[in-house]
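Visitor: I am new to this structure and would like to know what the words used for it rest on. Please show it to me and take the terms one at a time.

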Amino acid sequence: MLRAGFLLLAGLSLVLSSALAQTAPAPAPAAAPAAVRQLQAVRITEAIKLDGLLDEPIWQQAPIATDFIQNRPNPGPHEKHPTEVRILYDDAAIYVGAIMHDVAQDSIFRELGERDNLPNTDFFGIFLDTYRDKINGYGFFVTTGGVQADARYSPASGEDFAWNAVWDSRTAIRGTDWIAEMRIPYSAIRFSTQAEQSWGLQFMRNRQSLRQGFFWSEVKPAVDGFVNQWGVLTGLRDIKPPLRLSLTPYISAYANHYPYKEQGTRNTSTSFNGGADVKWGINESFTLDATLVPDFGQVQSDNQVLNLSPFEVQFQENRQFFTEGTELFNKGNLFYSRRVGATPIGFGTASDKLRAGGENEKGEYIPGEVLVSDPGVTRLLNATKISGRTSKGLGVGLFNALSNDVYAIARDSVDGKERRILTQPFSNYNIFVLDQSLKNNSYVSLINTNVTRLGSTYDANVTGGLFRFANKKNSYAIDGRVVYSRRRGTEFGSSTPIDDQDGYKYQVGFGKISGAFTWGVNHGIESDHYNPNDLGILFGNNNISQNLYANYNIYKPFWKVNNLYNWFNLSHSLLYRPTRYQDVSIAGGTQTTFTKSFITTGFDLSIDPARNDFYEPRKYPLGEYYVRVPTRAGFSAFVSTDYRKKLAWDLSGGTRQYVEDRRLERPRRTSYSLSFSPRYRVNNKLNFRYSIDWEQNQNQIGFVNGGLDSNDPLDRAIIRELGGNALLGLQPKNVLLGRRRVVTVSNVLSMGYTFTNRMSLTVRTRHYTSTVRYQDFAQLGPNGIENPVDYQRNRDNTFNAFNVDAVYAWWFAPGSQVSVVWKNAGSTQLLANEATPLYFDNLSNTINTPHNNNVSIKILYYLDYLTLRKLRS
C-alpha cells in the first residue's frame, strides 16, 4: 500500500507536470510589486448630503481614481467598465463617492444580506492604512443594496470581519450605473496628529455578474502581503483625531422554559439584565473598550459533538466583545477567548463533596445531600481592552477581565437546608501585547498572558516573543517564536502542587514567500511541561516537529481553467521526552476553477507511514504507552458550483485506507466521509441553505470513552486484569482499548430573510448524532503491545444534539439595534442497549426529549459624545 501510494503520487505529478509544460503559460521570473498610485483628497467647507447622488458641485472638482486592475479571476487586465472614485474630507470625516459603470441594470447583482455578509451582489470597498506601516489597515464595504461590512487587516487575524465601526453610507442605481456614497467619521479610525498626512489607500470593486474583482492599485497574487500593495492618499491637512467617546447601554429580558416535571421545581423562569459598552479614545492612537455587566445570552449556540479524542473540543467564539478589535491579542495564538467566562475549574466536582446518606444512632437510614445546581458557565463582571498603534508603528494592547465566584448549590434531603460549594474562585484574566511593525512587511512582538485566582489554587503566566523579517524585495522571510509557560500553586480544592510548573516552546522557519513557486522549512519544540491552557488552548505538548512545504501556483487562465494551485507537504515529529518516533506524513493536492462554468474542484492525496499515538492511551507521563496506528493512504476531493446561480451546491468526500495490522486477528481499518451542501436563492431577500455531513470509521482502535467505573462488577473485573484494584483505589497499570464502528451524521438547515439592508430574520436548525458500537476489546501494555481481553460490559453509546437559533435583528440607527432571539436546545446520551445506529430513531428520540426553550429581547442604543454635543449646541 505504501509503495503503491508513492507510485500514484509520483505518477500524478508527472502527468500534471507534462500537462503544465504543454498548456500553461510560463510564470514570470519574479513577482515585483506594482507601481504606487496616488490620489489627492479635497477639503470641503460645506456639508455633504449623504443620498447616493453625488450631485454637489464639489464632487466634480475632486481628482478621480479610475482604471482599476483585475485581480480575479484573471489577474492583470484593466477594467472595461470604468469605476470612478473621489475623496473629500472635512474636520469630522472622510467622504467617498464612487460611480460603477456597467452595461445594463440586469448586470448589477443586488442580493441583500446581514451586516458583514457579502452574498451574491456587487459591492464597493475602500481600504485605509492610516499609519502607512504597510501591515495594518481598515476596510469599509457597501453593497448595491446598501448592506455594510467592515474589517480590520493585520498579520495575526488576516481579514477580520468581526471588527465593527459606526459609519454611514447610501447607494443608488442610475441607468446602467450604480453609485456608492460613504461617510467615515474620524471616530471610526485612528491616525496621528501630524499637520500633513499621507495614508495607505486602496479601492475594490466586485462585479458579480462575471465574478470579477478589481483593485485600484494592482494586487498581484504572487506577491506576499495585501496592505503593502496599496496606493497612497495625499492632501490630508490639519485634521485632528476627535474625542472618541461613546456609550452603548443595553437592557435585556429573558424567559426560559424547561419541563423538569419535578414537584416543587418551576418549569419557567425570567430574568432582566442591564449594562453598557463604553468606548473611549484615550488619545489619537489608543482606545479603551469596556463591557460592564455583559450579557452574552443571545450568541449562537455551540455545535456540541461527541468527543472521543484525548483533546478538548475548540468552540467558535461568538461573543462580539471577544471577536471585535482583537488582532493584537491574537498574536502568537496564545489567547483562546473562550477561557474567559468558561466552565468553572471545579465544575463536576461538587458531587464529591456532598454529605452521603447513612444510618443514625437508632439504625434509621438518613438521606444525604443532593446537588440542586452546578453552573456550567462563569459570569463575567466586566472586561476591558486598551489597544492602539503609534505613528512609529508600535502596537500596544492590554486586556483585562474579572469573573466572580461561582457556587454549586447542595440541598439537605432531610431538612431542606441549602449550602454553597465553591467551584470557581474570583479570577482576573490579563493580556499585555507589544507589537512593533518594521519595514518590508516585518514585525517583532511580545505577548504576556496571566490568570490570577483568589484563594488556595493555582495561577498561570505565559510569555512569548515573535518575529518575522523579510528581505527588501519581499521574496524571502524568516520567522519564529519563543514561549515560556509558568504555573504556581495547588490544584483546585486540593493541597497537591500543580503539575506543568515550567515549560517552553520555540519554532523557527525560513522560506520563499513570493512568486509562483514558494517553499519553506520550519522546526519547533514543545516541552513536556509546556501548558498555556489557562488562557490559551493546546492540543498536545511534548513534541519535536519539522516540516517542509512547497506551493506552485498558476494565476493566469490557460486551457479551460482560470488558475491552478498546487501544494506539497512533508512533516515529521518525535516525542520530546523521552525522544521517540511519532509520525511522518506526506501530502499533496491541487485545486482549479473552470473558466466558463466557474466550477471549482480539487483533490488531496496523503500517505502516512505507521505511527505511534502517545496521546490516545491517556497515560501520563507520555512515552511508555502508545497505540500503534498502521500505515494509511488517504484521498479526498471536492466540487463547488457557481454561487451566482439560484441553485448551487458543494460536494466533498474522502477515504482513508489502512494496511492490515497483523499483530491481532482483526479487520483492516477504513474511514469514509461525505458532505453535501446545496443552497437555493429564492430572490434577493430569501435564501435557504442545507448541509449534511456523514462520516464512518470502521474498526477504529481507541480508548474506551467514559473510562471504567469501579462500582460496576464487570469493570471491577477488568480493572484487576489491567493491573489495578478497584476496592483499594489503585488505578490499572494497563489501558483498555476498544475496536469500534463510529458513525456521525450532522444536518444543518438555515433560512435567511432580509427585509431591508438594516433588518433581517435568520433561522438555523442543527441535528447532530454520533453512534459508537464496540466489537471487541484489548489490553494495551507498554511499547504498544495489545492483547485481547474478555470484557462483557456493553459500552455502546449514542449522542444526539438538537438546536434551533432564530434571530430577528433591526439596526434602527447607526450602532443601535433591537434583537429578538428564540433558542431551542436539547441533547441525549443513550448508553448500552439503548444506543442505536438508526438515524431516524435518533432523530425521533431527540425531538421527543425535553428541550430547553429560551426567548429574549435585547435593545442597544449607541450614544456618541460628539453627536450629543452638537444637539445640545
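Guide: Contact here means heavy atoms within 4.5 Å. The model is a predicted one. By that cut-off, and leaving out residues up to four places away in sequence, Asn541 touches Glu526, Ser527, Asp528, His529, Tyr530 and Tyr615.

Visitor: Where is Asn541, and why is Asn541 called buried?

Guide: Asn541 sits in the loop between strand 30 (517-526) and strand 31 (543-554). Buried means under 20% relative accessible area. Asn541 has 13% relative accessibility, so it counts as buried.

Visitor: What does the side chain of Asn541 reach at 2.7 Å?

Guide: It reaches the backbone oxygen of Tyr530 at that distance. The cut-off for a polar contact is 3.5 Å between N or O atoms.

Visitor: Is Phe598 buried or exposed, and how do you know?

Guide: The value for Phe598 is 10% relative accessibility, and the limit is under 20%, so Phe598 is buried. Phe598 belongs to the loop between strand 33 (580-594) and strand 34 (600-608).

Visitor: Which residues is Phe598 in contact with, leaving aside neighbours within four places in sequence?

Guide: They are Pro73, Leu210, Arg211, Asn562, Thr593, Ser640, Thr641, Asp642 and Arg644. Asp642 is 44 residues from Phe598 along the chain, yet their C-alpha atoms are separated by 5.4 Å.

Visitor: Why is Phe510 called partly exposed?

Guide: Partly exposed covers the range between buried, under 20%, and exposed, over 50%. Phe510 has a relative accessible area of 38%, so it falls in that range. Phe510 is part of strand 29.

Visitor: Which residues make the nonpolar surface patch of about 790 Å²?

Guide: Phe510 is one of them, and the others include Leu438, Val444, Phe469, Tyr476 and Ile478. Strand 28 (476-488), strand 29 (502-512) and strand 32 (561-575) each give at least two residues to the patch.

Visitor: What makes a group of residues a nonpolar core?

Guide: Its members are buried nonpolar residues joined through side-chain atoms within 4.5 Å. The largest such core has 37 residues, and Trp199 is among those with the most contacts inside it. Elements giving two or more residues to this core include strand 4 (83-89), strand 7 (137-143) and strand 12 (196-207). A second, separate core of 23 residues includes Phe321, Phe322, Leu466 and Tyr530.

How values were computed: Residues numbered from 1 in each chain as written. Predicted model: local features only at pLDDT ≥ 70, side-chain atom pairs only at ≥ 80, totals over all residues. Heavy atoms only, no water. Patch = residues over 30% accessible without salt bridge, like charges linked within 9 Å, V, L, I, M, F, W, Y side chains within 5 Å. Areas by Shrake-Rupley, 256 points an atom, 1.4 Å probe, with all protein chains shown as cover. Salt bridge = Lys/Arg side-chain N within 4 Å of Asp/Glu carboxyl O. Helix = DSSP H or I, 4+ residues; strand = E, 2+ residues; numbered from the N terminus. Buried < 20%, exposed > 50% of the residue type's maximum accessible area, 1.4 Å probe, protein only. Polar contact = N/O pair within 3.5 Å; in protein donor to acceptor, adjacent residues only side chain to side chain.
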